[in-house]
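Open the model in your viewer and keep the selection panel at hand.

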Amino acid sequence: DTQVADGGAIAIGNGLQNLKQLQQITLNFGRTQVADGGAVAIGSALQHLKQLRQITLVFWDTQVTDGGAIAIGNGLQQLKQLQQIMLYFNNTAVTHETRQTIREALEKPSVRVTMH
């Protein structure tokens with residue numbers, strides 16, 4: 001386990017907003033203390049990454065709930081260039097229903113979505 005919590009995720013989100021030409025990113029918050037506050041900050045930052053084509057977000061074994069997952073999904077919906085999305089919410093309080101809703105909102109013929 002690492003000691004990264006919401007404050008760290010919020011700081012990363014703030015920095016991400018400036019990477020406007022970014023095309024691919026993997027953020028692994030697995031086995032940290034990140035909760036909805038951090039997930040909301042990441043979700044908010046994602047909408048600024050208009051050139052993003054591939055993203056992997058790992059939140060397994062964190063404190064993220066449906067609210068944080070929905071914020072991530074909302075941020076990803078703003079990205080029209082995305083081709084591949086991999087989201088990991090294993091061992092969290094994110095419900096199956098929320099995962100399915102996010103997947104359905106993000107899936108398009110040109111976008112491959114993998115959700116765990």
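Start by selecting Ile85. Leaving aside residues up to four places away in sequence, Ile85 touches Ile55, Leu76, Leu106, Val111, Arg112, Val113 and Thr114. Contact here means heavy atoms within 4.5 Å.

A word on ground rules. This is a predicted model, in which local features need pLDDT of at least 70 and side-chain atom pairs count only at pLDDT 80 or more, while totals for chains, interfaces and linings use all residues. Residues are numbered from 1 along each chain as its sequence is written, and side-chain values use heavy atoms, with hydrogens and water left out.

**The core**

Now widen the selection to the largest nonpolar core, which has 30 residues. Such a core is a set of buried Ala, Val, Leu, Ile, Met, Phe, Trp, Tyr and Cys residues joined through side-chain atoms within 4.5 Å. Buried means under 20% relative accessible area, exposed over 50%, and partly exposed in between (1.4 Å probe, protein chains only). Color Ile55, Leu57, Phe59, Leu76, Ile85 and Leu87: these have the most contacts inside the core. The elements giving two or more residues to it are H1 (6–16), E1 (24–28), H2 (36–46), E2, H3 (66–77), E3 (84–88), H4 (96–106) and E4 (112–115). H2 gives the most, with 4 residues. Helices (H or I, at least four residues) and strands (E, at least two) are DSSP runs, numbered from the N terminus.

**Strand E2**

Select residues 54–58, which form E2, and pick out Thr56. Is Thr56 buried or exposed? Thr56 counts as buried, at 17% relative accessibility. Beyond residues up to four places away in sequence, Thr56 touches Ile25, Thr26, Leu27, Met86 and Tyr88.

**Two loops**

Go to the loop between E1 and H2 and select Arg31. Arg31 is not a glycine, yet has a positive phi of about 60°. Its relative accessible area is 40%, so Arg31 is partly exposed.

Next, find Asn91 in the loop between E3 and H4. Asn91 also is not a glycine and has a positive phi, of about 55°. At 58% relative accessibility, Asn91 counts as exposed. Most residues other than glycine have a negative phi.

**Zoom out**

Show the whole chain as a cartoon. The protein chain has 4 helices and 4 strands. Along the sequence they follow the pattern α-β-α-β-α-β-α-β. The C-alpha atoms fill a box of roughly 35 × 30 × 20 Å, taken along the principal axes. Of the 116 residues, 42% count as buried.
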